Amino acid sequence: MAHGALIQTLAAALGLALLLGFVAARLRVPALVGYLVAGVIIGPFTPGFVADSDIAAQLAEIGVMLLMFGVGLHFSLGDLLAVRRIALPGALVQIVAATLMGAGLATWWGWSLGAALVFGLALSVASTVVLLRALEHMGLLDTHTGRIAVGWLVVEDLAMVLVLVLLPPLAEALGGRAGAAAGEEAHGAASVWHALGTTLLQVGGFVALMLVVGRRLFPWVLWQVTRTGSRELFTLCVVAAAVSIAFASAALFGVSFALGAFFAGMVMRESEFSHRAAQESLPLRDAFAVIFFVSVGMLFDPAVLLQRPLQVLAVVLVIVLGKSFAACALVLAFRYPLATALTVSASLAQIGEFSFILVVLGMKHELLPDEARSLVLAGALISIALNPLCFQAIGPLLRWLRVHSALARRLEQRDDPLAELPRSTEARYLSRQVVLVGYGRLGRRIADQLKASDVPFVVADQNRELVERLREQGFAAVWGNAAEPAVLIQAHIARARVLVVTTPDTLNIRQMIATARTLNPPIEIVVRGHNETEAQLLVQEEAATVYIGEQELARAMARDVLERAMAPHSEAGALKAW
């Protein structure tokens, strides 16, 4: 029975994933490797119990929706636009480069031009789910580098939507079966442009609807549900919004489930309850994300490793090394630091869901040989399993390059007008100033207060476009990662009065403090904390003043409550929150 198959699939997928994920963690291997192996074991290509792959694939789609919805809750339109100058051209050029590498490989094997093109496209697009899991695990999702990687993949997803629409009408011209032979209407050259125009209008209409109507409607709905005081209704509202909007966007506008859920979360972010929405959906997101990895494993036939080992190796090298080198070169060409280039490269060193869809569509129109599916699936599984190791290798590789590579040192030390204050900077910004690291929502509010009080300050931020804009507005700003001593030196930390760190990047705070203390021992340091344990360590070891959002909110509310409770009855009603 259908419900029996669903329960069996859930029980087998989650139970075996838990067991093998635990074993992987004990062996100091990423847990997702255990999830992938669990999928291989319960898949149709290995003996024993076989789970329902169709049900697993649909459950995995729910995981993709919830995960992308959660990312959207932390990702504003401003964040997307802030990285457009690198994400848009970078993603498009990287798709072209990776497609050429994959197509060249397929041509060497004797495949047709159409098969080579589709195969190259399948190797060019990374998995959003894998990227987000890696960024969350590394604590990079809320950093500028994380936003670049997410924006990059959003552009890739939009490009793949166009590819999926254009492939059927172009199939015959590429040497495959035309749409009519596949049970569809034949397409001419005019229909290609019609399909492209229709898709662009649909995607544009969806984005406009979400930004104009959605950003007002969804927060209002969330507020109405919150007023009921029911936690289960709130959670239901969040999950229903993620799944139903993603489905409606795919059905009505032709965009993917992932993109629909991402934009739904992004407009839901306008609500003051967005943080709670993210927390409430977290357990479901994690559970269904595990099923996604299990479903990938179920598609994999281990026999391909014995039948075509050299071809599999070549595919993996294109995905893990070829794409990474291309992305790294592109990020460096935009004059971003080597650390950012390596992180973006690691983010793209894998393939996933769109690759599977492209291969299925290519085989449907007889563009791809049967072996293409096995090679792409093998490349996906191996690259996904290797991806956490790629992220772990960034730090050691960066340190090795700095010591052994003159080119790497030149890339980090190259002259950049945004990496130092202009010679025309007023003297008041060079001594007794405040150095403000991070110009996000918190940093902007602090800057507004400093400006209103006529206190000079210098902003240090990793967003090149933001630093350019600040300079155009007359602010003193330097570009770069403040964990690098050179950035704080250019902000004249040696003569500053206060260092303020507002970034969510907890990994580099100690390095920033160490640099400031070395160059300016008496400097005052004020830091944004994220939890009480971290705050206590920073206070004890670094003599810094640490503020935690929840604590400061509690103190402000407690002061207000005390004032109201202790004030005369006639005055209590007049007290207002600021």
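**Salt bridges, a helix and a surface patch**

Reply: In this predicted model, Val-29 lies in the loop between helix 1 (2-26) and helix 2 (31-42). Together with Leu-19, Phe-22, Val-23 and Leu-27, Val-29 makes a nonpolar surface patch of about 460 Å².

Helix 3 can be examined for both its length and its cover. With 21 residues (residues 53-73) at 1.5 Å a residue, helix 3 should span 30 Å, and its end C-alpha atoms are 30 Å apart, so the two values agree. Helix 3 is mostly covered, as 15 of its 21 residues are buried. At the start of helix 3, the backbone nitrogen of Asp-54 has a side-chain oxygen of Asp-52 within 3.0 Å.

The salt bridges come next. The structure holds four of them, and among them is the contact between the side chains of Arg-85 and Glu-468, at 2.7 Å from N to O. This pair links distant parts of the chain, 383 residues apart: Arg-85 belongs to helix 5 (residues 84-108) and Glu-468 to helix 21 (residues 464-472). Arg-85 has a relative accessible area of 43% and is therefore partly exposed. Glu-468, at 26% relative accessibility, also counts as partly exposed.

Another salt bridge brings together the side chains of Glu-371 and Arg-308, at 3.6 Å from N to O. Glu-371 is in helix 17 (residues 370-392), whereas Arg-308 is in the loop between helix 13 (303-307) and helix 14 (309-333), so the pair ties together parts that are 63 residues apart in sequence. Arg-308 has 26% relative accessibility and so counts as partly exposed.

A further salt bridge joins Arg-402 to Glu-484, with the closest N and O atoms 2.8 Å apart. Here too the pair links distant parts of the chain, 82 residues apart: Arg-402 lies in helix 18 (residues 394-404), and Glu-484 lies in the loop between strand 3 (476-479) and helix 22 (485-490). The relative accessible area of Arg-402 is 27%, so this residue is partly exposed. Glu-484, at 29% relative accessibility, likewise counts as partly exposed.

Note on methods. Residues are numbered from 1 along each chain as its sequence is written. This is a predicted model: local features need pLDDT of at least 70, side-chain atom pairs count only at pLDDT 80 or more; totals for chains, interfaces and linings use all residues. Side-chain values use heavy atoms; hydrogens and water are left out. Patches are made of residues with over 30% relative accessible area and no salt bridge: like charges are joined within 9 Å, nonpolar side chains (Val, Leu, Ile, Met, Phe, Trp, Tyr) within 5 Å. Accessible areas come from the Shrake-Rupley method with a 1.4 Å probe; for residues, only the protein chains shown count as cover. A salt bridge is a side-chain nitrogen of Lys or Arg within 4 Å of a carboxyl oxygen of Asp or Glu. Helices (H or I, at least four residues) and strands (E, at least two) are DSSP runs, numbered from the N terminus. The expected span of a helix is 1.5 Å times one less than its number of residues. Buried means under 20% relative accessible area, exposed over 50%, partly exposed in between (1.4 Å probe, protein chains only). A polar contact is a pair of N or O atoms within 3.5 Å; within protein, one must be able to donate a hydrogen and the other to accept it, and residues adjacent in sequence count only if both atoms are side-chain atoms.
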